[in-house]
Each structure stands twice: as C-alpha cells, then as structure tokens.
Amino acid sequence: MRQAVLSLLFLIQGVSSQWFNCPENWVLFETHCYQFNVYPYRNYVDAKAACGANGAQLLSVNTLPEHNFIGQWLLNNDVSAYRWFTSGVVYDMANYDVRWEGDGTKEYLGHSLWVNEDEMNKPGRQVVYTYGVYAYLLGRDTSSAMNPFICEISQEESYKVVQDERDYTYGFNTTDSEKVPQGPRFLIQPRSIVVVGKAIAATFECVAYGNPQPDYRITKIANNGSVYDVSSATDYRYTLTNGKLSIQSPDEIYDAGTYYCTAENQIGTVRSDYLSMRFGSLGEFSNVDRAPVTAYAFQFAVIDCLPPTYTPAVSYQWYKDDKQFVRPDLHSYIFISRNGKLYFSEVSTADRGNYRCIVKLTSNNGAAIGTDQPPSRTSLPTLLDVQNAVATVWGPEISNEFISVHPRTPQKGQRVYLECLAFGTMPITYSWSRHGLPMSPRASFTDHNRVLIIEDVRIEDGGTYICHASRYTTARTQKNVTLFIETKPYFSYPLKSQHVDIGSKLTWRCEATAMPEPVYEWYKDGVRLVIIPGKISIVRNVLTIQNLDISDNGMYQCSAENIYGKSFTEGQLRVLAFPPSFVKEPLIDVMFGVVGGNITYPCNPEAAPTPTYTWLKNNMELNLNPGDTTSRIRMLQNGNLLILNINPGDVAYYTCRAENQFGRSSSTGQLQIADKVVIGLPPVNVQVKVNQTAFLRCQASYNSLQDVIYTWLFNDEIIDINKNVYYKQGVSQSLTGLFVTAAQFKHSGKYTCRAQTTKEHTEAWAFLTVLDSLHNRLIRHLLFPGPPSEPAGVYAIQSSIGTSSLLLSWTVGASNGENILFHTVEALPVMLNEWYTAVDHVSDVSSIVPGLDNKKRVVEVHGLNPGSGYRFRVYSTNSFGVGPRSRQSDAYTTRYGPPTHPPTHVGGGYGSVGDLTITWMPLEDYQLGGPGIGYYVYYRRNLTDTWTNKVQLTGNVGKYVTQVGAYNYYLLYDVMIQPYNDLGQGPNSSVSTIYSAEEIPSISITNVQAYPYNATALMVTWDPVPDTREVMKGKLLGYQVNYWERFTEDPIMNSISWRGQMSSGLVIGLLPDTWYTVNLQALNMAGMSQISETDFQLTLKMAPRMYPTEIHVGSHGSQSVYVTWRGVTTAIEEEPIQGYILRYWFDGDDIRTASDVRVGKQDQAVIYGIQKNYLYCLRVLGFSTGGDGTMSELVYFTLGGRIAAVDQSLTEVKATASHLTVCHYTILSLCIIQAILRLTYQ
C-alpha cells in the first residue's frame, strides 16, 4: 500500500541515527542524508543544479540496502507514483553500461533492480525510480521530463546545507516573534464524542495560538444539513469558554451532528477539523430461548453471543452458571473473541453449563464516551452440553474464522487486534511473525499470545502477519493474514507560512496521507476558495496566486477529505511591501583591514521586494556590477562588498544603499588600516533551533604574505575540530566561520574566534543560543516537535490520601523556550493494568503551591476507588505540543470506604410463572471499597412512585428471584440495585424496567392450510394470533409448525419454528410426492400454546434429474454470447419440464453470486452484459414445478466463446474479482480453438 506525506519538501524522520541528525527535511540512512523533492518538478539539468546548490548531488545507489531503503521510503510515502530522477545515466543498455554521475561509480546491482525490460529499453538516458506493481524499481526517462528528484549528501558534509528564510518578524523592527502579529493556528483539535445513556454533560475542546489571542466560535452542521453557530444565546445548555464547549444534558434530537471550531483574530480566521457528536444505543437481547450447543469431550466448541443491535460498538464478556465470569487468562483453552463468540479449543465435561453473553456499549474509533456508566445487556443462557467421548490427540488446526482483525477496517491511530485460535488437544502454544519485515515496535502480545495488539497503528504497520500454533515440537500449523491500514487524512508536515514580495507569484502545495485517497479544497479565512482566471488557480492540492497584493493577506487552509473525515492544515500569507531597512543589521561601524589582506563588507537590509544595491566610497558611487569576478573591488551577487589586496587608499567611509519601489535606505561604515592581523568581520550573536546547524562567521584581514590560522574556543576552552564531530570549519556565502552541526542545548555558550599568524593573534567572540525547535523565530508556529521535557519525581502526599482522592506532587520538566500551558495526570489501577486520564488540563499556574520550590506542582486527584492501589504519571503541554510522560510513581492505596460504583447490566425478566428474576453484574474486586460487600435490591410495579420492596443480600452476588404471583404474569417492574459494605452504602444503579415471567398461552391457531411449493417443500398459512398480554399471556415469540408423514406407521415428528408475527411459513426438507400432516402452535417465553387444527397436503413430484449436455458457447455481439445445449426428458416420477436456467458467474467467485437467465422449453439462448477480458463459468439446468433440476457440467467461456479447458497456472488473477490477464500461450490456444469452432459451424 502506497501512502504519501509530501509537501514542498518531504519531511520524515531518519530510519537510523548516528552522531547527529540530517538537516531539516532530509532523511538519514546509514551515513548519508537524502532529500525527496517533489515540487516544483524539474528537468534533469535543473534537478542536478538544485541539489548542487546545497553542496549535494543527485542520488547514486551503491548497495542493495540503500536501494531497499529508497524503494521502501517511496512505497510508504509516494501515493501519486511519481518518477524520481537519480544521477544514473544509461550509456549502453545492451552491455549494461549504467553509471551514477553523482559519485562517478558504475551500477553493478544488475537487472533485478529494474521494473521490466520495457523500462530498460525506454527512450531517454536518465535513470529514475518508478512504481512497478509491488515495489519501486528502476526505469528510464528523458532529461527533458519534469519529475521530482532525490538529492544525496554524506552525513559528514551535511552541515553545508544552510537555510535562510524569512520569518514573522521580517519587516518589523524586532527579532522577538512574540511581539509581532500572527494569525491563529490550532494546537489541539477537537475529538469526536459518543454520548450514551443519560449523560450529565458532554464537552469538547479546541485550542489555537495566535497574537493577539484568537476568539472562538463553534459551528454545528445538523443531521438535516442546516449550519449555524451554537452558544448560550442559542441554547441555555451550551457554555463556550475559550474554545471549550460544554453541553448540559445532551439530547440526540437537538445535539447530534457535526461540529467544528473557528478561531479568529485580526490577522485571519481558521477552521478546525470536524468532530461528530453521536448518541450510542444498545438494544435488547432476543427473549427467545437459545438452542443448546452440543459438543463432544476433547473436541472444540463455539457459543455465539448473537448480540442485540447497537451503535457504535460493544465489548463482550461471558458469565457461567450465574456464578462466575469466564476467565480466558486462567484457562488457555478458552477464548473470547472481539466478534463476541466464546471458543473452546478443547472442551471437557467440566465445561458443561449455562453461559450468558454480556455486552457493554463502547467506542471503536477513539471517540470519547460521554458517560462513566455505559449501558450493558445480558443474554439468556445458552446450554453447553458436553457429552462423553474417547480422548484423542488431534490438531492444532487454526479455525476458519481466524486470523481475525478488529476493527475489521483498521484506521491509523487505532488499537488493532489480530486474533488467532487453534482447535485441538491442549496445550497449544502461539507465536507471531511478520513476512519480510520486523514486528512493529508498538506490537505486544496478550491472552496466551493468541492476540497480537498494535497500539497507535500506522500505515507502515501494514503487511502480512503469520500466526504459528504448535503442540510441543510434534504438531505445528500456521496461517497468515494481510493487514491493510486506512486513515483519515492527516498532514505530517503542516502548511508553511509564506512571507513573500508584493507583485510576485505564490505556489502553495499541501499533501496529506490518506487511504482512500483524499479530495482537496483550499480556504481563505474560513471561506472556500474558487478559481479566478488570471488570479487564483487550484489544481487538486496546489494553490497558485498570481500578482500578489495586500488584499491577499490572511490565513489559508488546505483541507483533505475522504470517507473517514476531513482534516485541515493552515498557514499565514503575508504579502510584504516596504522600503529597505538597516535597523536590524546596519553596516559595521568600523572594520579593520591589513595592507595586502582581503575583507568582506556585508550588506543585509530587510526589504520587500528585494532591493538593488549601490556602494559608495566617501559618498561617491563606485559603479560596481553585481557578480563581478575580476575587479579588485567588487560587489558580490548578494550585495556584499569584497575588497582584495587592501592598500592605504582603501581607507574610507563605505555606504551600502538599498533601493526598491517603496523607497531607499543606506548604512555607512568605516574601513581602517591595522598594522597587525585583525578580525574585520567578527562573529555576532546567533540563535539556532535544536538539531539544526548554526554558522558563526569570523573573517580576518591579514597580509597575503602571511598565513593565518583560525582557532575556536567554546566557553574559553579550545575546540578540537578533528575530534569533536559537532564542529566544522568552512565557508558560507563567501564568509569563513564555524559550523555547529546538530546543535544541542549543551552547545549554548560563548564562542571565541582567534585569528593567529606566526607573530601575533587577535580574538572576537559572540554567544550561541540553542532554542527549542519551535521557539526559533523561523519556524515558531509550524508545530514541529518541541514540547516540554518529561516531569520527574511523581509521588502522592501520604497525609492527603483519602478514600477517593489524594494530592499528587511532581517536579516540572524544562519548558524548552515556551511556557507550559497545562499538565495531564494519568492513573493506573493496579488490578486493571490500564492507564486512564485522571485529571485533564491542569493549568500550570493553578498547580503551583506558594512557598514551595517553584519547580514543584501539586494537584488533587479525585474519583479514585476506595481500598484500591494506583500508580500515577504526568505529562505537560505547551504551544508546541505534548511532552513525554514521566516515569510511573510507586503504588499508593486509598483508604477503605463505601463502594463508589453502581452495579451495571441490571436486567432479568425470565423464569417460572409468578417469578420476578433480577440480575446484575457484581462489582469487580477493585470496586468493592472494603470488606462486607452486599446489595440492596429494590423493585416496584412500573409507573408507581415509591419503592415498595427492598431486599438485603450478602456477598458479591448477581441474581435475585422473588415470587410476585401467577396473576402478575408479564407485567412491567422497575428494579434498582445498590451496593454496600461495612463502611456504608454506595450509589444506586440506574433504574431498569423488566418483565415478570410469562404464562403458557392458551390460544389455539385457526385456519391452518398447507399448499405444495415444490418437490421438497410446503407453504403453510394461518390466521395470526393477536400479540396481546391477555391472549399470549406474555410476548409472542413466533410460531412452530409440527409435521409428519401422513400414511407412515409410527412417523417421526418434526417441527420448524419462525420468530416474529407472520401468517405463513415454508416447511423444507420434505420427500417428493408424499402426503404430510401439519399443525401449528404459538410460542412465548413460557412455552407453546394448544395445538391447532390439522391439515393435509401432498408434495410435488421431483425436479428434473437429468442435466443438459452438449453445451456450446459462441460470440454473439459486443457484450453478448450465444449458448446452445441438448435438452432433457423427464420420467414419470418427475414433474414436466417448464424451461431452462442458464446460471453464469465470474470465475473465482462463489456460485452464490451467479446470475440466471430463464428461458422456456428451447435449446438456445443469448446471455447479455458479458464483459471483455473476463473469464466466466456456466451451468445449464432444467426446472419444473418440482424445483430446479440437476446442473450441467461446468463450462468456461469469455466474450469470444467457450474455452475448452482452463489451466489456472497460466493466468494471473488480479485484485478486482476475476479480471484475468492471460499469458501469450493461453491467448494463442484460445484463438486456435475459436477458429476451429467457427469452421465447424460454417
């Protein structure tokens, strides 16, 4: 599966790590850095020049691992299947003379790297990477083709890649990005929510950053399509506070729908991703008695849950004999699948019993559940009847239902379960592997290794997974499944803000990873953009704006949408128009040069558009031409002034004058002669983003007859350039200096440049500050990783530990250049071993305790279970994102107290006449709160106001049965359960409504009649009975037909039943031409009604037993074939023939997908709608009133006619059903056969 994460440049983490990372937008593999440039497309010459501008070269592939790395990266990221330029050039393909111009080596890996012979022999000499069905391999293209390209540079030399970009402060007289206006950008997107039950409130939140801080709006798209803003003004239940919307008492009628946030300030407006608010529902289990499951000892068994209807998802648990939960963790032969079924790999008589399935409403897509008491239901019991048998050793055999994947269509970010179960004699052990690839680092195994879990699944986790099942070393089996990961669109590399000149052209490109592929739209300030000829062009994910002006300023967003949702990424467009300014970087007041030496005078004003430069000496123009390479005094292409071989006449005041259409500005400095070596261009203070490269300039002026050596000191200690890999000396933009590669926080400090000759030396210094990757002004709001460091020292204050709360303290980690916004506390119940969010969005300010260490934070954790053990961890969030989690704390146990959880799954309603059966899920061990657990059971007649009955039960039980009297059959009762222990009473459960037990119905069904349907079936009709309490003594479940052979002594009594209200039913499996007796009974939960009146009926004679022969298929039209056959005759015991059926289907599909053409008593027919290049199967059969007859032999045909035989080894089955690509030999054979057939019929 090919996925893409493409932007102006691809941004991907390196697959390995050496002593420093590659530059931003480059990918590290072994000792080289690679840059995948997708836009703009370039021809070969321009692509080569673009790589060379950074000191790199086009890709050269020298090893098979390098080739595999390039191919795998493209397979994972290039959804558009581009052709990618490399440095490869074909000199002579016949003799396989292919060379890599990038490093001058010859390609020696051979023909296996190429897609196919067609690609090897295409016109053009340039070697490209291109997609070849399953992998990226080599192909050929012309040098004039416009393609993406791949650059390569050694990691050792990657410091040469220096990026110089405008930022938010460009054009302002400040370097502090927090002091300049910035449009809003979302830091936290809202999450979808599923509301179940009677939730008190539902909340969702979005957080955006901007300067000034943005205002928020929440917009709802209702299920009927209407769109409107929501607030307390539209509904008193709504409260909007800084992007957080709370809805009190959410209601499906008023609140269900799609929502999004809008953040707005004076710069512009942006919209958030969409979120959905859905309301979950859980139906009732069928109240029809479940058929028992019969199994033999030492064989396997399966019990189906048959869950009720639900939205959106449920989880499953099983209960045995109303006494205990089924525990697969303790019994390795038992397995509960996420499909709801209960499996036994090898069943024994000890497993005999009644099993109930329990379902609880949950979410399967990461949406929050808006209640702490999701509803649940419990099924009627299913009897597992295990019969004695002789023990045999067999298996293991992996069940046909496995390997199963949950959810069925996994999406990126979900937790994916791969389940594997084998039947056979225990013990069976399990292991997993992944074909051709290592297991995902986020993979884990549970449930005796039968379940492979992949947390936070990613697209690259797709592939073929293999389950191995074995018993000791003698019996083994395995099975594989191919996992495909789909995803809602997401942008790994956000849209980059643009600061561009007025009048220029802007091309903006975004690319999202999505499966299926997304549809793109562009927005400005929250409004969808449309094409304006000559001004705005939109081609899929590329936005082009011509002739930019100030009115184009604003916030722009690119959206990507597929069936799973819609995502946005935003960037600010600043169209700049201002005269040159030297405020930030004026010319150096005084520069010193040495006679005979050289000096460079930099001129770097800010201006938009880019200015023209003029140099003056003592206010007289020097008339220099940019880019001059011959004069002693010359102006470089970037506007800097270079003076070679300095002499006393060069002493003067030099002025750089910059001018554009909006004005002119100048700055002046003085050049003086020094009698010794002097640093004419000293280093200046520099800020750099962590893991990026910093350059500290240092250029000395000295007599050309002398040699000068540059030495650098860090915090007054000499840097050993040869031993310290972080430092390199070199040249950037014609200036000498020091590169600090992959800068870390430890590299912040004072750097001294020492220029030394054999006689003297001089020094100059500056300070380097390494900032968090987001704090740097160049990328402050691009949302690169740059969150706070992990907190430390998490512990609970012992004196604060209560029954349900405690005070938690920790030490904050480094904020890394940006204030911490809030902290999140997670808790791990010792008995559950699953983390959950205990306290969310604790503001950093509110957690500071006055008088304590300013690094300490304290927060109160509520909602804990009494008498339970917990561990805690904390993570922090700032405007850059979420930081790493702290190490977990020690375990702390809360004090004993009354239960804090109500019982769940309250229900019941079955039993004998006069019974009221009440059931519930007993509390888990961690919910008991203390010793002496018991329950109060409350029940009353429905629609009464007071609880007239209260019963106290002791122990952790889950069922109570009481007598309400036979006359109170099938009446509604309200029931409620309250737990208690020795320390007090807990909360009541929600009130559930159940029925008392039913009574056997006394009605007798009338007007029973049977009619012949075919040779083996009768249609039985009757008058439906009223489904009322008085008639049915309960709820009608359905009807049962009893039937037997009329004239047979001691006949076998048979029955068939249907569920629901109906007036007819089909009885199947009968003998042809035989008389049957039928009668009917109505069913409810208590039993069956009286037997109805009786009717008699004769089944029809048999269907045709002979099948058609001599079937021929010929071409008929552009989409049809002509079929002929020899018909059949019928015997006296068969019904007369009525006609024929031509049953045809795609080869490879199940016959149950077949289409039928029905004709009368004839021997030829035309089949229409036949597709070209598809292979079909055909069978012909006769039919009569007795039913469908025997089918003919299998015939294969295509649009061209019948095929005598099909050898599947000569065909390749494509993914789209049975679309066949037939090899050349097969095509030739078919042509010959068809020609012979035509000659035969002429």
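Q: What is a nonpolar core, and which residues touch the most other members of the largest one?
A: A nonpolar core is a set of buried Ala, Val, Leu, Ile, Met, Phe, Trp, Tyr and Cys residues joined through side-chain atoms within 4.5 Å; buried means under 20% relative accessible area with a 1.4 Å probe, protein chains only. This is a predicted model, in which local features need pLDDT of at least 70 and side-chain atom pairs pLDDT 80 or more, while totals for chains, interfaces and linings use all residues. Residues are numbered from 1 along each chain as its sequence is written, and side-chain values use heavy atoms, leaving out hydrogens and water. In soluble globular proteins, nonpolar side chains tend to be buried together. Here the largest core has 56 residues, of which Trp318, Leu342, Phe344, Leu384 and Leu418 touch the most other members. Apart from it lies another core of 27 residues, including Val38 and Met93.

Q: How many disulfides does a search of the whole structure find?
A: A disulfide is a pair of cysteine sulfur atoms within 2.5 Å. The search finds seven. One of them joins Cys51 to Cys151, with an S to S distance of 1.9 Å. Its torsion about the S-S bond is about -85°, so this disulfide is left-handed. Both Cys51 and Cys151 are buried.

Q: Where is the sulfur partner of Cys206, and is Cys206 buried or exposed?
A: Cys206 forms a disulfide with Cys261, the sulfur atoms being 2.2 Å apart. Cys206 is buried, because its relative accessible area is 0%. Cys261 likewise counts as buried, at 0% relative accessibility.

Notes:
Buried < 20%, exposed > 50% of the residue type's maximum accessible area, 1.4 Å probe, protein only.
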